[in-house]
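Hello,

I am passing a structure on to you, and I hope you enjoy looking through it. Please open it first, then read on for what turned up.

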Amino acid sequence: MKFFEKLLVANRGEIAIRIMRACRELDIETVAIYSTADKNALHVRYADEAFQVGEAHPSKSYLNMERIIDIVKKSGAEAVHPGYGFLAENANFARLCQEENVTFVGPRWQTIKAMGSKVGSKQLMRDNGVPVVPGTDGGLKSLDEAKKVAAEIGYPVIVKASAGGGGIGMQIVNDEKALEEAILASQRIAQSAFGDATVFIEKYLVKPRHIEFQVFADEHGNAVHLFERECSIQRRHQKLVEEAPSPVMTPELRERMAESALRVAKASNYSNAGTVEFLYSNGNYYFMEMNTRLQVEHTITEFITGIDIVKNQLAVAAGETLPFEQDDLRIRGHAIECRINAEDPLNNFQADPGKIVRYRSPGGPGIRIDSGVHMGYTISPIYDSMISKLCAWDSTRPDVIRRMRRAISEYIIMGVKTTLPLHYAIMNNQQYMEGNTHTHFLQEEHILNTLERYKRDEETRMQTLAGSFDQGKKIAAITAAVNTYIQQKKKS
Ligand code: ADP
């Protein structure tokens, strides 16, 4: 079924290619946009047509709404898929598309706007009986209010930007003395990053798990969930490893959380694919926010459900009815995604852009790689440092962990530092294997500290770890040392 004749992808990198792949399978022609920095990028070559949208800086290219709409018109595209990031959660862009009679592949602009405010969406959820993290009712009005609420809910608390994303502007506060400064800092960051200085306070949960539900709704009142993903392994409040289903999920908990997630979708008049994020702690779960777009980690949900989320996004955007009901959906096996970034886990995950001088990606049974790079490709410091999403599927969790280790050991990336060795260490970590993860896992498990011990011959080691097929044994040896160290630390 052909939902559109031609679609423009308002994005770059792996996600642009992911969307175009769905289009190619559906015989939809694709239009790419690119900045001057991306002239030779893979997504440009993959598309049927490509237009330069502006200079390298995102504000001059991938965020330039008027220019993108001009290209839509010029190319004759009927629809725009925004991917994730850039304009994906920009209500003004979705509205502009509507005004220009272009289909925006995503929810209605009013929904994006309502859910774009963490303060507003929390309020909406509270009103609809969905549990939320205790905290201020709305945006913070005064320091006195902050002190009062923090004292009521108890320290530690977290100050968050209402318009926030990507963990930006969050401040953890352990006592009243530090409160004022944290609020001012958060407001300052929020104003400069999002143009909105509204901040709020909520209870800082100690060692929660991040569990999110993929929901899907059409424009005819049907809504289903595609089960959950657990994204607890994070650095700087940003996801690094995701898996589906969650190792702590029980049928009873899933039923309750899914019911809440669908209630969120109904309350926001949702249509298309979206994600409802919860924090889970000690048997309780709390709504955190809704992402009104395709997620980076949608791939693992595709693995366990067998559903192509992007194709269904296109169908729903074209006004089709969802082709499945809740009872048609089943979880099949287990999937993990490792985000392979060009960054240095040993240096506070600092980005390490540069040229990839040697590259060979893994393959074989149950492996999926979504990437926009190739040998000789230069990772630009201007955009995010993701090299690829390495995803694995197998019938059980222990099996998929083993499969992921195997895939990592096959992966060759040279020229930049990567998160590969860290992923290997995680996949071999006893606590991870037992499913005992939480959002502070990386700090707690001393994985980073332990990797630090091998810093001496860092460059060689990184190359070795990210190296060639026969390096699997060396990685295993280092990981064994890492685990011994962790065990010793625990005993002492
Ligand atoms: P963003 O939109 O900036 O990504 P989120 O609200 O989605 O921010 O939160 C991202 C991560 O920050 C969570 O997965 C969790 O690790 C941490 N976090 C946010 N709120 C809390 C909280 N109240 N208690 C503990 N951790 C939190």
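To begin with something you can look for yourself: where is the place of Pro156? Pro156 sits in the loop between H7 and strand S6 (157-161). What brings us to this spot is the peptide bond from Tyr155 to Pro156, which is cis, with omega near -5°. I will come back to H7 below.

Before going further, please keep in mind that this is a predicted model. The average pLDDT of the protein is 92, and 92% of the residues score at least 70. Residues 466-470 are a stretch to treat with care: the pLDDT there is below 50, although the model gives this stretch 15 contacts beyond near neighbours in sequence. Where pLDDT is low, predicted coordinates should not be read in detail.

**Domains**

The protein is divided into domain 1 (6-105), domain 2 (134-203) and domain 3 (209-454). Between the C-alpha centres of domain 1 and domain 3 there are 24 Å. Their contact draws on 33 residues from domain 1 and 29 residues from domain 3.

**Backbone details**

Most peptide bonds are trans, and most residues other than glycine have a negative phi. Ala244 and Pro245 are joined by a cis peptide bond, with omega about -5°. You will find Pro245 in the loop between strand S11 (238-244) and helix H9 (251-267). Then there is Asp27, which is not a glycine but has a positive phi of about 60°. Asp27 belongs to the loop between helix H1 (13-25) and strand S2 (29-35).

**Helix pairs**

Let us start with helix H5 (residues 109-116) and helix H6 (residues 118-127), whose axes come within 5 Å and cross at roughly 95°. An angle from 65 to 115 degrees counts as roughly perpendicular, so H5 is roughly perpendicular to H6. On the H5 side, Ala114, Met115 and Gly116 take part, and they meet Lys118, Gly120, Ser121, Leu124 and Met125 of H6. Sorted by class, this contact has 4 nonpolar, 3 polar and 1 charged residues.

Next comes H7 again. The axes of helix H7 (residues 143-153) and helix H8 (residues 179-194) come within 10 Å, crossing at roughly 120°. H7 and H8 are therefore oblique to each other, and H7 passes H8 in a right-handed crossing. Leu143, Ala146, Lys147 and Ala150 in H7 meet Leu179, Glu180 and Ile183 in H8. This contact of H7 with H8 has 5 nonpolar and 2 charged residues, with no polar ones.

How is H12 oriented relative to H13, parallel or antiparallel? Helix H12 (residues 397-410) and helix H13 (residues 420-427) have axes 10 Å apart and pack at an angle of about 155°. Angles over 145 degrees count as roughly antiparallel, which means that H12 is roughly antiparallel to H13. The crossing of these two helices is left-handed. From H12, the residues Ile401, Met404, Arg405, Ile408 and Ser409 meet Leu420, His423, Tyr424 and Met427 of H13. By class, the contact of H12 with H13 comprises 6 nonpolar, 2 polar and 1 charged residues.

Conventions: Residues are numbered from 1 along each chain as its sequence is written. This is a predicted model: local features need pLDDT of at least 70, side-chain atom pairs count only at pLDDT 80 or more; totals for chains, interfaces and linings use all residues. Side-chain values use heavy atoms; hydrogens and water are left out. pLDDT is the predictor's confidence in each residue, from 0 to 100. Contact means heavy atoms within 4.5 Å. Axes are lines fitted to C-alpha atoms, for helices over the stretch in contact, and angles run from 0 to 180 degrees between N-to-C directions. Helices (H or I, at least four residues) and strands (E, at least two) are DSSP runs, numbered from the N terminus. Angles under 35 degrees count as roughly parallel, over 145 as roughly antiparallel, 65 to 115 as roughly perpendicular and the rest as oblique. A crossing is left-handed if the near helix is turned anticlockwise from the far one by less than a right angle, and right-handed if clockwise. Ala, Val, Leu, Ile, Met, Phe, Trp, Tyr, Cys and Pro count as nonpolar, Asp, Glu, Lys and Arg as charged, and the others, Gly among them, as polar. Domain bounds come from an automatic or database domain assignment.
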